[in-house]
Amino acid sequence: MKLQTKLIHAGELRPRFAGAVIAPIFQSSTFEYAGQGRYEDLKYIRLNNTPNHVALGRVLAAAEGAQAALVTASGMAAISAALLTVLKAGDHLLAQECLYGGTHTFITGDLPGFGISFDFINAADPEDWRRKLRPNTRAIYVETMSNPLLQVPDHRKVVDFARSHGLVSMIDNTLASPVNFRPPELGYDVSLHSCTKYLNGHSDIVAGAVIGSTALIGRVNHKLIHLGGCLDPHACFLLERGIKTLALRMRAHNENGQRIAQFLARHPRVERVMYPGLNSHPDHRLASELFDGFGGLLSFELQGGAAAAQAFMQRLQIPIGAPSLGGVETLITRPATTSHSGIAPHDRARMGISDGLIRLAVGIEAVEDLLDDLSQALSIV
Ligand SMILES: *Cc1c(COP(=O)(O)O)cnc(C)c1O
């Protein structure tokens, strides 16, 4: 089956409960004992095995061509549970240096307390990975595309490197979604998602997912049962509903993202635009080879820096000034004041994130309306 069909049907529970086309919300913490021998086979929400959890695991595994998947209470619950499953005291992690803020501070602030060491690597430079490899290195952790500059590591090289050194390869695939990229098909061991973003797509829940082999997902599940980061059944229902339209929504995000990036790149008041679908993006070729689409996230700088950016953002009518991404509505932020405000200004500058950099998470509104709005707001700066 094609991905569009899998996203709608792969998670269906059979037989259909009372004939209902849509699976009901099983709002029951516990389930009748049916002779299970193992604790983990008892049905209980925290064990991540109610019918709503099972359905989501199936559809997410099918979406990325993996054996198994499991959902979690947030993207960070997926990331922390997966890292704590793969790594134990004495182990060492190689992690991409420009990570999602929560992941970055989990690695730097929490892993050392568990006796786990790490080094940050330049994802564009495999020599750097080799130099930082240690005998106790167990895993390599990257993101499909970095936020907000959309840098793309060569994922084929990451998978090869992990294989040849016996490392677990882990990737946060949130920004691509399974529609634009399916890491397990390329050979990644663990694919992680903040389902809060594109997978749910409606900015109304937080949720996460871990996707991989049956054996590894079993181990992550065991860890998650202890950490307690299970997804609530009502959120399961909303996520399942969101996933059904993922293919349609991603097509619109990809198209709108491309059109808006091209518009901005041609605009005389815009200094630079970062979008992997533009020829001018340093990783455009790599992204074209690896991905089926470039998504809805882009960043840009205006002439006049932070002051111009602020004035421009205030003039916009449609985009909402809010962090996060992946919902149907367009959101806009200045990373220096939101996602990257915890990083010292000189470090931000070194990372290529100026104070005036604007991040646009393009939604699925009519692109003409978004372009008109951007155009009027640019006319005053
Ligand atoms: C939002 C996000 C996360 C964290 O997800 P939550 O659902 O907020 O816990 C992790 N990685 C990426 C790339 C994200 O965008």
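User: Hi! How many disulfides does the count come to here?

Analyst: The count comes to zero disulfides, where a disulfide is a pair of cysteine sulfur atoms within 2.5 Å. Cys236, for one, is in no disulfide, and the nearest cysteine sulfur, that of Cys230, is 8.6 Å away. Before we go on: this is a predicted model, with local features needing pLDDT of at least 70 and side-chain atom pairs counting only at pLDDT 80 or more, while totals for chains, interfaces and linings use all residues. Residues are numbered from 1 along each chain as its sequence is written, and side-chain values use heavy atoms, leaving out hydrogens and water.

User: Got it. Is Cys236 buried or exposed?

Analyst: Cys236 counts as buried because its relative accessibility is 0%. Buried means under 20% relative accessible area, exposed over 50%, and partly exposed in between, using a 1.4 Å probe and protein chains only.

User: And what about Cys98, buried or exposed?

Analyst: Cys98 counts as buried too, at 11% relative accessibility.

User: Switching topic, where is Asn254?

Analyst: Asn254 sits in helix H11, residues 246-266. Helices (H or I, at least four residues) and strands (E, at least two) are DSSP runs numbered from the N terminus. With 15% relative accessibility, Asn254 counts as buried.

User: Which side chain does Asn254 have a polar contact with?

Analyst: That of Asn180, at 2.9 Å. A polar contact is a pair of N or O atoms within 3.5 Å; within protein, one must be able to donate a hydrogen and the other to accept it, and residues adjacent in sequence count only if both atoms are side-chain atoms. Not counting residues up to four places away in sequence, Asn254 also touches Tyr275, Gly293, Phe294 and Gly295; contact means heavy atoms within 4.5 Å.

User: Nice. And Leu298, where does that lie?

Analyst: Leu298 is in strand E9, residues 297-302, and counts as buried at 0% relative accessibility. Beyond four places in sequence, its contacts include Leu150, Ile260, Leu264, Met274 and Ile358. Val273 is 25 residues from Leu298 in sequence, yet 7.4 Å away in space, C-alpha to C-alpha.

User: Last one: which residues of H13 are buried?

Analyst: Ala308, Ala309, Phe312 and Met313 are buried in H13, which spans residues 305-315. They lie on the same side of H13 because they cover an arc of only 130 degrees around the axis, taken from the directions from the helix axis to the C-beta atoms.

User: What covers those buried residues?

Analyst: The cover includes E9, strand E11 (331-333), strand E12 (358-361) and helix H15 (367-378). On the other side of H13, Ala307 and Gln314 are exposed.
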